[in-house]
Amino acid sequence: DFALSIYNYPFPLLHLNHAIAVCVAHRKLGGSKLPWPQALASVLLASFSGSFIASILIGAPHSALVSDYVMFTYLVVFALHRWSPADVFHRLFSWAPIAWLISGIDAMKWTKSISGGLLAAVNAEHPAARRSMATALTCGFISGCGGGMVHSALSLSSPQWKFRCPSGLASSLPSFGIRMSALLSALFYALINPHHYLPYTPLLSNEDARLVLFLIAFSQDALASPSTWRRFKHMASLPQPTTTTP
């Protein structure tokens with residue numbers, strides 16, 4: 001019941017918090033230098049690309065397009081962050097104690113996206129996708145880091161978008177966000193054993209398994225590196241902008 005209340009009650013709050021986190025992170029990586037239409041497109045692509053890809057894989061509508069509040073929330077947060085007087089919005093949510101709180105709450109949204117992507121595959125309408133372990137694990141993984149990889153692959157924080165290898169994959173050790181998305185997707189599958197392919201009964205309910213994922217993500221991100229938003233800073237998704245000398 002505790003896990004259920006944590007994940008279900010603040011669901012609109014999780015979208016609001018994630019919109020703030022992405023806008024602030026995008027700004028720190030050079031997004032403020034972009035014209036507002038380009039910056040808005042970058043923020044939306046970074047926020048939704050992973051779950052959009054997962055939805056395409058299983059032939060399902062994306063939640064942001066069937067909800068009455070999700071897209072509206074991101075648009076309002078973007079406007080406040082971009083045009084607030086004296087830049088008060090960005091200053092407030094960049095302040096270390098609040099940044100830590102935003103990071104902690106966003107770890108909940110992150111793990112909800114991973115588990116939600118996996119469960120969407122398990123409950124897909126297409127029978128082949130519904131019974132596939134590979135589809136479930138892929139949708140969980142891509143929901144956790146797909147937006148980040150798209151952000152990096154298309155250089156969305158740069159004035160000129162261009163395709164390249166996501167920076168989190170261009171190394172013998174993938175980025176933190178990619179590693180954790182893969183780990184948490186596999187762990188969630190192992191805990192709930194949705195297809196009963198593994199030789200044991202489910203170890204936890206879906207909601208309790210989500211809570212386990214959150215505690216791991218929170219301890220490795222918000223607690224391990226307070227106020228740095230580790231999955232944003234080092235993830236393939238959001239590379240540091242380069243500077244040029246005149």
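Begin by selecting Asp 87, which counts as buried because its relative accessibility is 19%, where buried means under 20% relative accessible area, exposed over 50% and partly exposed in between, with a 1.4 Å probe and protein chains only. What you have open is a predicted model, in which local features need pLDDT of at least 70 and side-chain atom pairs count only at pLDDT 80 or more, while totals for chains, interfaces and linings use all residues. Residues are numbered from 1 along each chain as its sequence is written, and side-chain values use heavy atoms, with hydrogens and water left out.

A salt bridge here is a side-chain nitrogen of Lys or Arg within 4 Å of a carboxyl oxygen of Asp or Glu. Helices (H or I, at least four residues) and strands (E, at least two) are DSSP runs, numbered from the N terminus. Arg 27 is partly exposed, because its relative accessible area is 23%.

Arg 210 is buried, with a relative accessible area of 8%, and Glu 207 counts as buried at 16%.For the surface, select Phe 72, Val 76 and Leu 80, which form a nonpolar patch with about 280 Å² of accessible area together. Patches are made of residues with over 30% relative accessible area and no salt bridge, with like charges joined within 9 Å and nonpolar side chains (Val, Leu, Ile, Met, Phe, Trp, Tyr) within 5 Å; accessible areas come from the Shrake-Rupley method with a 1.4 Å probe, and for residues only the protein chains shown count as cover. Val 76 lies in helix α5 (residues 70–83) and, at 33% relative accessibility, counts as partly exposed.

Finally, colour by pLDDT, the predictor's confidence in each residue, from 0 to 100. The mean for the protein is 84, and 85% of its residues reach 70 or more. Confidence is highest in helix α10 (residues 176–192), at a mean of 95, and lowest in helix α1 (residues 2–8), at 49. Over residues 1–6 the pLDDT is below 50, and this stretch has nine contacts in the model beyond near neighbours in sequence, a contact being heavy atoms within 4.5 Å. Where pLDDT is low, the predicted coordinates should not be read in detail.
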